[in-house]
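Please look through the sequence and the model below before reading on. The paragraphs that follow begin at the ligand and then turn to the aromatic side chains.

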Amino acid sequence: MNLNIALLPGDGIGPEIVGEAVKVLDAVGKKYGHTFNYKKGLVGACAIDATGDPYPAETHKICRESDAVLFGAIGDPKYDNDPSAKVRPEQGLLRMRKSLGLFANVRPLVVFDSLVERSPLKAERVKGADFVCIRELTGGMYFGRPQGRSEDGNTAYDTCVYSREEVERILKVAFEQARKRRKLLTVVDKANVIATSRLWRQIAKEMAPQYPDVQVDYMFVDNAAMQIIQRPTYFDVLVTENLFGDILTDESSVISGSLGLLPSASLGSDVALFEPIHGSYPQAAGKNIANPMATILSAAMLLEHVGLQQEGAAVRAAVEKAIAQGVVTEDLVDASMPGQTARSTTEVGDFVAAHV
Ligand SMILES: NC(=O)c1ccc[n+]([C@@H]2O[C@H](COP(=O)([O-])OP(=O)(O)OC[C@H]3O[C@@H](n4cnc5c(N)ncnc54)[C@H](O)[C@@H]3O)[C@@H](O)[C@H]2O)c1
């Protein structure tokens, strides 16, 4: 296969972790006879510094002309610590998602057996947890207008808006994911209070008969926040709106023991984008200590998305092998295991690339 991949390393640790994922992709290409062509684009703080725009038109063009996008992370303390900055890296992220039509963020959560003890939850509770959170990404309160402040500055308002079309297309992704997995779909909402949630629930009930093999379960978001901690092994596929999804997916990520392990895919009608769920971890930038596995696993999702299932599985197996053999960065080094030392970002990438 000949695949054109847009690389958007972004800020902080972005270039390092994307570099390791590329190393792994190249090893896959060599082993399985594929050619991956890369084109790099700027996004985030580095794009503001170079062009004044956090998501330049040139980057959008590179993404649109590619078969898939591999993204690192954006964010820089320079902007985080300056609330008055008018142009911000996060605007680039939101604009990128919106203009590429990436309405579904898919975040798988798997607890690796060799890491159950790292989870902040009891091992017997998390062992075997394996679910996918699907978050709506381009609607709801993050994009709804009006949004702002009253003239005197003492009242602020946001608007949560969802159209039937937006809800149907994300639920379709969720039903189809559930169909490919254990066939349990949990629709998370706040239908007892919020009008948009009632629309979500109504549409989910209308669509359910088209997927008779999928069991649908409706759960209020406050209850879901508890259940994810109390019985994470119950869930198969969760689907929810943008704000609830933002919170629940971060909550879920903690279960696995490290943010540095979790990949994601953002899907839409056009090109798909793959990215680790963590941010730019600026404290680690340039130190060769960040965990590249979330980005490497995002590359595995990319391969599977374009139909290279065996190749994706080979990358996952190599990551599992690295974890099982203790070839991990400092975030996964267990103080209770004497003799285990932290490996660098590049050493972990080398190991995974060598074992695909
Ligand atoms: N999608 C994105 O690009 C995205 C997402 C979240 C935050 N951000 C931005 O990232 C910057 C830093 O934000 P933050 O500190 O809240 O979140 P962060 O995810 O960058 O880091 C939080 C903590 O998670 C751990 N961590 C994250 N990635 C890791 C990795 N690869 N290996 C090992 N440990 C890792 C570290 O302990 C780190 O201190 C901010 O500017 C924020 O706006 C960007």
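In this predicted model, an oxygen atom of the ligand lies 3.0 Å from an N or O atom in the side chain of Glu90. The ligand taken alone exposes 800 Å², and the protein buries 70% of that.

Around the ligand there are 20 residues, of which Ile74, Asp80, Gly279, Tyr281 and Asn291 come nearest. Sorted by class, this shell holds nine nonpolar, six polar and five charged residues, and strand S3 (68–73) and helix H5 (89–99) each supply at least two residues of it.

Turning to the aromatic rings, a search of the whole structure finds four aromatic pairs. Tyr162 belongs to the loop between strand S7 (156–157) and helix H7 (164–180), whereas Trp200 belongs to helix H8 (residues 195–207), so the pair ties together parts that are 38 residues apart in sequence. Tyr162 is buried, at a relative accessible area of 7%, and Trp200 also counts as buried, at 2% relative accessibility.

Elsewhere, ring pairs link Phe131, Tyr234 and Phe235 into a cluster, and Arg231 lies over the face of Tyr234, 4.2 Å from the ring centre. The charged end of Lys205, for its part, sits over the ring of Tyr218 at 5.1 Å from its centre.

Notes: Residues are numbered from 1 along each chain as its sequence is written. This is a predicted model: local features need pLDDT of at least 70, side-chain atom pairs count only at pLDDT 80 or more; totals for chains, interfaces and linings use all residues. Side-chain values use heavy atoms; hydrogens and water are left out. A residue is near a molecule or strand if one of its heavy atoms lies within 4 Å of it. A polar contact is a pair of N or O atoms within 3.5 Å; within protein, one must be able to donate a hydrogen and the other to accept it, and residues adjacent in sequence count only if both atoms are side-chain atoms. Accessible areas come from the Shrake-Rupley method with a 1.4 Å probe; for residues, only the protein chains shown count as cover. Helices (H or I, at least four residues) and strands (E, at least two) are DSSP runs, numbered from the N terminus. Ala, Val, Leu, Ile, Met, Phe, Trp, Tyr, Cys and Pro count as nonpolar, Asp, Glu, Lys and Arg as charged, and the others, Gly among them, as polar. Rings of Phe, Tyr and Trp (its six-membered ring) pair if their centres lie within 6.5 Å; planes under 30 degrees apart count as stacked, over 60 as edge-to-face and the rest as tilted. Buried means under 20% relative accessible area, exposed over 50%, partly exposed in between (1.4 Å probe, protein chains only). A charge sits over a ring if NZ of Lys or CZ of Arg is within 6 Å of the ring centre and within 35 degrees of the ring normal.
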